[in-house]
Amino acid sequence: SFAETHELTPVPVHSRDELGLLARSIGQMQEDILAHLNDLEQRKDEMEHRAQHDALTGAPNRVMFHELLQFSIGNARRNGSQLSVLFIDLDHFKEVNDTYGHAAGDAILIEVARRLKTAVRESDAVARLSGDEFVVMIQPVDDPQQLAVIAQKLIKALQVPIEFEGQSLRISASIGISVLPGDGDDMEQLLHNADIAMYHSKRK
């Protein structure tokens, strides 16, 4: 039936009698209902996307990243592989934001998300946790020794000035790294240890 399949039912719309009039009304009603259902489905998809992604940068938000990380930890345990969390915090972002305005700050955050995503592999994940805090999940980790190289690559990518309304905005970042299983065997430990490592890096 239409209620189950959402497919239009053939009706004798070309008949000129009352049956034809009724058929045309039914046909129009089916089309209207189908259009409404499609609109509801699209709105549902948009709401789900907004619930899982940062509104400014379009990157996965904290909720979605936690889901991705939990799933990836489970996979890594089953496969005996490693993964890494890179916690990234922009240096002196508040000063830049206060000096050049929130529009400039937004432009920086959008560009940071883009550069981070461009600098890592398709299998990795980039998310914005909050404010100027980003996180990258590297999976799988083929060689833990390469993580420092990856972190340096990200730092260099972020050091390139960002052009905004005639201004050349310069930023830098501090990165902390944690690895499964050496630095924790669950999501909370990995994020916590990466966060601590980031603050050690920032103090240096």
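## Helix H7 across the sheet

In this predicted model, in which local features need pLDDT of at least 70, side-chain atom pairs count only at pLDDT 80 or more, and totals for chains, interfaces and linings use all residues, helix H7 (residues 187-203) lies across S1, S3 and S6 and runs at about 145 degrees to S6. Helices (H or I, at least four residues) and strands (E, at least two) are DSSP runs numbered from the N terminus; angles run from 0 to 180 degrees between N-to-C directions, with axes taken as lines fitted to C-alpha atoms, for helices over the stretch in contact. Residues are numbered from 1 along each chain as its sequence is written, and side-chain values use heavy atoms, with hydrogens and water left out.

## The open sheet

Four strands form an open sheet in the order S2-S3-S1-S6, with antiparallel pairing, where two strands pair if DSSP finds at least two bridges between them. Strand S2 (125-130) and strand S6 (172-180) are the edge strands, each pairing on one side only, and the twist from one strand to the next averages 20 degrees.

Strand S1 (residues 83-91) is joined to strand S3 (residues 133-138) by six bridges in the antiparallel sense, and S1 also pairs with S6, again antiparallel, over nine bridges. Ser 84 stands opposite Ile 138 in S3 and has Val 179 as its bridge partner in S6, while Val 85 has Met 137 as its partner in S3. S1 is mostly covered, since nine of its nine residues are buried, a term that means under 20% relative accessible area, as against exposed at over 50% and partly exposed in between (1.4 Å probe, protein chains only).

## Asp 89 and Lys 202

Asp 89 lies in strand S1 and counts as buried because its relative accessibility is 9%. The side chain of Asp 89 makes a polar contact with the side chain of Lys 202 at 2.9 Å; such a contact is a pair of N or O atoms within 3.5 Å, of which, within protein, one must be able to donate a hydrogen and the other to accept it, and residues adjacent in sequence count only if both atoms are side-chain atoms. Not counting residues up to four places away in sequence, Asp 89 touches Asp 132, Glu 133, Ser 172, Ala 173, Ser 174, Met 198 and Lys 202, contact being defined by heavy atoms within 4.5 Å.

## Nonpolar cores

The largest nonpolar core has 30 residues, and those with the most contacts inside it are Ile 88, Leu 90, Ile 108, Val 112, Leu 116, Val 136 and Leu 154; a core of this kind is a set of buried Ala, Val, Leu, Ile, Met, Phe, Trp, Tyr and Cys residues joined through side-chain atoms within 4.5 Å. At least two residues of this core come from each of S1, H4, helix H5 (102-119), S3, helix H6 (147-159), strand S4 (162-164) and S6, and H5 gives the most, with seven residues. A second, separate core of 18 residues includes Phe 65, Ala 76, Ala 127 and Leu 190.

Leaving aside neighbours within four places in sequence, the contacts of Leu 90 include Ile 108, Leu 109, Val 112, Leu 158 and Ile 171, as well as Lys 202.

## Helix H3

The 18 residues of helix H3 (residues 62-79) should span 26 Å at 1.5 Å a residue, and the end C-alpha atoms are 25 Å apart, which agrees; the expected span is 1.5 Å times one less than the number of residues. At the start of H3, a side-chain oxygen of Asn 61 reaches to within 3.2 Å of the backbone nitrogen of Val 63, and H3 is followed by Gly 80, whose phi is positive, near 70 degrees. The buried residues of H3 are Met 64, Phe 65, Leu 69, Ser 72, Ile 73, Gly 74 and Ala 76.

## Backbone exceptions

Most residues other than glycine have a negative phi, and most peptide bonds are trans. Glu 165, in the loop between S4 and strand S5 (167-169), has a positive phi of about 45 degrees and is exposed, with a relative accessible area of 71%.

A cis peptide bond joins Gln 139 and Pro 140, with omega about -10 degrees, and Pro 140 is found in the loop between S3 and H6. The peptide bond from Leu 180 to Pro 181 is also cis, with omega near 10 degrees, and Pro 181 lies in the loop between S6 and H7.
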